[in-house]
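Welcome, and please open your viewer. We will take a short walk through one part of this model, one selection at a time.

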Amino acid sequence: MKLYLSSTFSDLENERRAVKDVLGGQYAVVESYEADPRPLWQSCVADVATCTIYVDIVGLRYGFVPPGQRKWITELEFDAALAASLPCFVFVRDAEAIPASRTDLYTKDNDPALIEAFRARLSSGANDIPRAAWFTTADDLKVKVLSALPRQPSPAPAERIVEPPPPPKPGAAPPRTELQKLLESYQRQNWPTLSTQQSFTRTKVPSGITASPSAESVFDLARTAPVERLLVATRRFFLDRGSRAWANSSPTDAIVYSAIVRIALVAAERYFEAPCQAEAQARNDHDPMLSRNRLVATIEAAIRLGFGLCHSPGKDEAENVFSLVHPIPEPGMRDEGGLAPSRSELRATLQRRSVDVDRKLGAGYLRELIRELEEDQGTALVVTSNATGRFASGERRAELQAYLRGDFGVRSFFRQPSDGEVPGWLKAIESDLRETFEPILQPASPPDRANEDRAGESDPQASGPPQ
């Protein structure tokens with residue numbers, strides 16, 4: 001699919017490169033730099049007509065006005081795209097974010113009123129003018145472009161091509177999943193303790209192991225023993241010790257309990273292998289998890305999206321998974337808070353506290369905090385929310401995912417609404433996993449919390465902002 005990229009050049013070179021970086025693999029980007037016998041403006045307008053998508057980046061320079069014309073080339077290209085009924089995506093850089101040297105007011109190349117008039121036209125809300133997105137930096141533009149382009153109308157949806165993984169080399173072990181990596185590294189780090197604890201070596205969880213188990217043999221067992229056997233043994237292990245045993249355990253026992261839970265998670269992963277592979281081909285990353293249960297949805301997401309889980313005693317949410325706090329109307333929307341409150345929101349989420357909108361951390365500072373948290377956890381940080389309220393829209397979910405992953409490297413997933421449909425194949429798996437993990441991972445809670453988990457967690461913003 002051909003995409004026409006329009007803008008002035010010298011002042012928006014970084015922004016043009018940013019668009020090509022994120023779209024170059026999906027679109028053939030046309031920029032009208034080929035030799036052509038026609039005058040420049042005519043060849044540019046003609047090139048627009050050969051494309052199926054039009055992208056315009058606007059700063060504070062009006063640009064070249066061809067002889068005999070009243071408008072600059074970018075505006076002529078814009079008018080040609082409108083006349084051809086192309087899907088037009090316009091991105092306007094915030095005036096306060098533009099260096100003075102890149103403005104007509106500074107260079108005196110054109111009357112500054114000309115570019116201001118064009119920017120006012122883009123903000124007019126007229127029926128024939130597409131809604132523009134405002135951005136501040138080239139990185140911010142990447143997020144806005146990734147969020148906007150999936151909303152383009154097209155004659156027919158492109159067929160999603162899933163490349164099969166390369167065949168493993170003879171004798172090569174299959175690649176480790178993130179949950180497997182966490183189990184493997186945890187056992188190696190703590191094997192001097194685990195190997196001396198009969199509560200671990202003689203429990204029914206690593207059943208079938210010889211009298212001298214090794215970290216490798218336990219790891220292989222977690223990947224190969226019948227899933228049901230390991231899950232039932234895990235449940236019995238914790239029931240025999242009491243519901244608060246892990247929370248009140250000694251440091252040595254806590255290492256054993258954590259290892260048992262990690263073995264069970266690796267086993268549970270195999271429940272989802274075939275179904276999740278099929279779902280990965282049929283669903284987008286921003287689509288809600290299929291399970292309505294909070295705990296099972298998190299396990300499903302870890303398997304489907306490929307991240308680890310670090311659980312602590314008495315907590316029903318993994319240490320590296322954070323439920324989104326979202327008091328603001330729209331992340332990244334102009335005149336509705338912008339991206340700075342989104343950083344406040346992310347900071348509050350990762351610290352599991354209410355939002356202080358006056359505490360606007362810099363993006364670089366927040367990225368360093370995230371890197372430090374990931375080092376502590378040994379795996380990626382993950383943000384989750386219900387697919388209700390403002391996130392009932394797939395566009396909003398994709399927008400949030402692009403922002404979190406693009407700016408901060410943070411992964412995210414969405415939980416099923418309470419009225420979402422659960423496929424038949426998942427119901428038995430859901431029951432098995434709840435029977436195994438709920439007594440272990442969920443803290444003592446009032447009955448209404450248990451009912452909430454059965455129905456799907458309520459969304460504090462379920463009504464959503466005015467749209």
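**Stop one: a strand and its neighbours**

Select Val321 and you will find Val382 of strand E7 standing opposite. Strands here are DSSP runs of at least two residues and helices (H or I) runs of at least four, numbered from the N terminus. The model is predicted, so local features need pLDDT of at least 70 and side-chain atom pairs pLDDT 80 or more, while totals for chains, interfaces and linings use all residues. Residues are numbered from 1 along each chain as its sequence is written, and side-chain values use heavy atoms, without hydrogens and water.

Now show E6 (residues 321–323): three bridges join this strand to E7, and the two run parallel. Strands pair if DSSP finds at least two bridges between them.

Next, colour E7, residues 382–386. Five of its five residues are buried, meaning under 20% relative accessible area (1.4 Å probe, protein chains only). Val382, Thr384 and Asn386 point one way, Val383 and Ser385 the other.

On to E8 (residues 411–415), which runs parallel to E7 and is joined to E7 by five bridges. Pick Asn386 to see its bridge partner in E8, Arg415.

**Stop two: Arg397**

What lies 2.7 Å from a polar atom of the Arg397 side chain? Look for the backbone oxygen of His286. Arg397 also touches other residues, including Pro288, Phe391 and Phe414, where contact means heavy atoms within 4.5 Å.

Key
Polar contact = N/O pair within 3.5 Å; in protein donor to acceptor, adjacent residues only side chain to side chain. Buried < 20%, exposed > 50% of the residue type's maximum accessible area, 1.4 Å probe, protein only. Lists of a residue's contacts leave out its neighbours within four places in sequence.
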